[in-house]
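Subject: Handover of a structure and the findings on it

Dear colleague,

Please find below the structure that I am handing over to you.

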Amino acid sequence: MSDHISGPRALAEPIADITDVFAFPSPERPGHLVLVMNTLPFAQPSDALSDGLIYRFRLRPLTAAGSSDAALFMADSREFVFDCVFSEPSNADASGAKPQDGFCTTPGGETIPFRVNDESSEPTSGVRVFAGSRWDPFMMDAPAALKTIATGKLAFTDPGSIYLDGKSVLSLVLEVDVALLDGAELVGVVAETLTRGKFNVRIERVGRPEVKNMMLGPKQHDQVNRDLEIRDIYNTEDAFNLGESYPGAYRARLNANLAFWDSIDGKVDWATNANGDHPLTDVVLDDYLVVDVTKPYQETGSFLEIELAAMRGEAHESCGGRTLNDDVMDTIFTQLINAGNGPVIRDGVDAASRPASRTFPYLAEPNPHPPAAPPPHQH
């Protein structure tokens, strides 16, 4: 499920579990970039953002890599960091809500105070902030996807069913003046949760959806590290600079699972390179959303467009990134299974039952009575 429950530690500490990340040019205010981090799958109305975490967005300027490089882009050493922290929730008021304050620190070091669940936030120092409960926007027929992984045969139906429909998450939305990005045009975006205090430990990091659960999670095809639960290790890594210890394990797992996905339709669309690597392995390992902040907002069809154009050696046409209403799972399934050389692989769901709007804070209002999380063994 996108990045919901992306490993044993996320299951043990769901408050720090990042479920989705989105990044797109603002449809409401051109010249601004919208960053969305959703956390806590199956959130309940009484849940609050953690006062023990740092919620962090990291952005780095990107440039095209050389034709002899396996990676598509080179990340600049410059980094733009937006950190948000929250106060301990107050006692519930008459409505049952627990007032909570938030604070966002910009790359320039300015701190912007805001109130949780306040949709009327005004821009301050080039940043507008919202935090609070929202409708989970992720759309995929998750049981059918899991059955596909288990059987090696497409199990989608038409229509399918959005497993997370009606569930809630805790959202953090930043709308950032691109002038704060020091002239950067193409940027990589990743979101993180870290422990708060003098010693900050990265708990989760997320760029693209379904990297961990569909591409790194399944073990049965990996002949090198079949017993390794690799997602917790992967979560602790710096998305822009993987450590030296585990890239070989990530590469082996991705090569095995990407080949599995490619085999589902009975033909090979992704031929391995001279090193035996799947052509998408290095693309996936650069696990951040790629956004062109100079391009206008595009409601659908921009996800992976920049990366796929770069693989073809062509100029991209869209803003890239990931928008809230884009059915990115059809894009992912199609690329994994037939590389875009065949029909679109649909999971039978094409739109959320409550689509996002084009005005801040963009995500739909939460279900006032969301279902609770299933027992852990049912995840």
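In strand β10, Val190 is the bridge partner of Arg58. This is a predicted model, in which local features need pLDDT of at least 70 and side-chain atom pairs count only at pLDDT 80 or more, while totals for chains, interfaces and linings use all residues. Residues are numbered from 1 along each chain as its sequence is written, and side-chain values use heavy atoms, with hydrogens and water left out. Helices (H or I, at least four residues) and strands (E, at least two) are DSSP runs, numbered from the N terminus.

The strands around β10

The bridge between Arg58 and Val190 leads to the pairing of strands; two strands pair if DSSP finds at least two bridges between them. Strand β3 (residues 53–64) pairs with β10 in the antiparallel sense, over nine bridges. β10 also pairs with β12, again antiparallel, over four bridges, and here Leu186 has Asp292 in β12 as its bridge partner. Four bridges join β10 to strand β11 (residues 202–206), and these two run antiparallel. Ala191 stands opposite Val206 in β11. β10 and β11 form a hairpin with six residues between them, and in its turn Gly197 has a positive phi of about 145 degrees. Nine of the ten residues of β10 are buried; buried means under 20% relative accessible area, exposed over 50%, and partly exposed in between (1.4 Å probe, protein chains only).

A second hairpin

Strand β6 (residues 101–105) and β7 pair in the antiparallel sense over five bridges, with Cys104 opposite Ile112 in β7. Five residues lie between the two strands of this hairpin, and Gly109 in the turn has a positive phi of about 95 degrees. In a regular strand the side chains alternate between the two faces of the sheet.

In helix α2 (residues 142–151), the buried residues are Ala142, Ala144, Ala145, Thr148 and Ile149. Seen down the axis of α2, these residues fall within an arc of 165 degrees, so they line one face of the helix; the arc is that of the directions from the helix axis to the C-beta atoms. Leu146, Lys147 and Ala150 are exposed, on the face of α2 turned away from its buried side. The buried residues of α2 pack against α3 (211–216), α5 (247–263) and α8 (328–338), where contact means heavy atoms within 4.5 Å.

In helix α7 (residues 305–312), Glu305, Ile306, Glu307, Leu308 and Ala309 are buried. The buried residues of α7 pack against β4 (73–75), β10 (186–195), α6 (281–285), β12 (289–292) and α8. Just after α7, Gly313 takes a positive phi of about 75 degrees.

Nonpolar cores

A nonpolar core is a set of buried Ala, Val, Leu, Ile, Met, Phe, Trp, Tyr and Cys residues joined through side-chain atoms within 4.5 Å. The largest such core has 90 residues, of which Leu35, Leu59, Leu172 and Leu174 touch the most other members. Apart from it lies another core, of twelve residues, among them Val36, Phe130, Phe360 and Tyr362.

Salt bridges

How many salt bridges does a search of the whole structure find? The search finds 28, a salt bridge being a side-chain nitrogen of Lys or Arg within 4 Å of a carboxyl oxygen of Asp or Glu. One of them joins Asp277 and Arg251 (3.0 Å, N to O). This pair links distant parts of the chain, with Asp277 in the loop between α5 and α6 and Arg251 in helix α5, 26 residues apart. Asp277 is buried, at 9% relative accessibility, whereas Arg251 is partly exposed at 24%.

Glu299 forms a salt bridge with Arg358, the closest N and O atoms being 3.4 Å apart. Glu299 lies in the loop between β12 and α7 and Arg358 in the segment after α8, so the pair ties together parts that are 59 residues apart in sequence. Salt bridges that share partners also join Arg58, Arg60, Glu79, Glu192, Arg202 and Asp238 into one network.

Yours sincerely
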